[in-house]
Amino acid sequence: MSIPALDALLDPRKLLHPSCPPASALLIDILSKFPSISLLSDRVAILYVMFIVMSWLVCPCAECFDRLPHWAKPIEEQHSRTHNAYVDYIPWPFMRKQFCNRGRALPPLREFFLPYTQRLSVNWASSRRLRLAPHSLRPDANAALAVLTNSPPLS
């Protein structure tokens, strides 16, 4: 299973490196447009969910579908009604249903997502102390693979 290049969240210069997957670069660039999403834990969680939703949208196969958390799986209205693309990234099925039922008569992306992200949080315990660290459980893992830990930042 591929994952987004989490290390590029810490060093935006890595977005320009040829080893950074284009999908990661795109999503990290989008995420950077929302300054209120500033906690690392929130940025990692949101990037990961955006990545698996985008993976499903690009490749609607069983494997990508199975990666989606139950609350992110597409609802019937997303398949049967024309709707703004950003609706697919809203984490609440009931809200996606309401937006799909309104069709394209929705606020533009900027008018919706800026206020929406000002209150968005994953609410992980001790999230202000979390850091990205290299994943050590799989020695063959991609260098970008990382986990959140309560340890001090790596130097």
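A disulfide is a pair of cysteine sulfur atoms within 2.5 Å, and the questions below begin with that cut-off as it applies to this predicted model.

Q: How many disulfides does a search of the whole structure find?
A: The search of the whole structure finds zero disulfides.

Q: Why is Cys61 in no disulfide?
A: The nearest cysteine sulfur to Cys61, that of Cys59, is 3.4 Å away, whereas a disulfide requires the two sulfur atoms to be within 2.5 Å; Cys61 is therefore not counted in a disulfide.

Q: Why is Cys64 in no disulfide?
A: For Cys64 the nearest cysteine sulfur is that of Cys61, 3.6 Å away, and because the limit is 2.5 Å, Cys64 is likewise in no disulfide.

Q: What makes Cys61 partly exposed?
A: Cys61 has a relative accessible area of 27%, and because buried means under 20% and exposed means over 50%, Cys61 falls in between and is called partly exposed.

Q: Why is Cys64 called buried?
A: The relative accessible area of Cys64 is 7%, and since buried means under 20%, Cys64 is classed as buried.

Q: Which elements make up the protein, and in what pattern?
A: The protein has seven helices and two strands, and along the sequence they follow the pattern α-α-α-α-α-α-α-β-β.

Q: What makes up the largest nonpolar core, and which residues touch the most other members?
A: A nonpolar core is a set of buried residues of listed types, Leu, Tyr and Phe among them, joined through side-chain atoms within 4.5 Å. The largest such core has 33 residues, of which Leu9, Leu47, Tyr86, Phe99, Phe112 and Phe113 touch the most other members. Two or more residues each come from α1 (7-10), α2 (22-32), α3 (40-58), α6 (93-101) and α7 (109-118), and α3 gives the largest share, ten residues.

Q: Which residues is Phe113 in contact with, leaving aside its neighbours within four places in sequence?
A: With those neighbours set aside, Phe113 is in contact with Phe34, Tyr86 and Ile90, contact being defined as heavy atoms within 4.5 Å.

Q: How do you know that the buried residues of α7 are on the same side of the helix?
A: The buried residues of α7 are Phe112, Phe113, Tyr116 and Thr117. They cover an arc of only 105° around the axis, which means that they are on the same side of α7. An α-helix has 3.6 residues a turn, so residues three or four places apart point the same way. The buried residues of α7 pack against α6, while the face turned away from the buried side carries the exposed residues Arg110, Glu111 and Gln118.

Conventions. Residues numbered from 1 in each chain as written. Predicted model: local features only at pLDDT ≥ 70, side-chain atom pairs only at ≥ 80, totals over all residues. Heavy atoms only, no water. Buried < 20%, exposed > 50% of the residue type's maximum accessible area, 1.4 Å probe, protein only. Helix = DSSP H or I, 4+ residues; strand = E, 2+ residues; numbered from the N terminus. Arc of directions from axis to C-beta.
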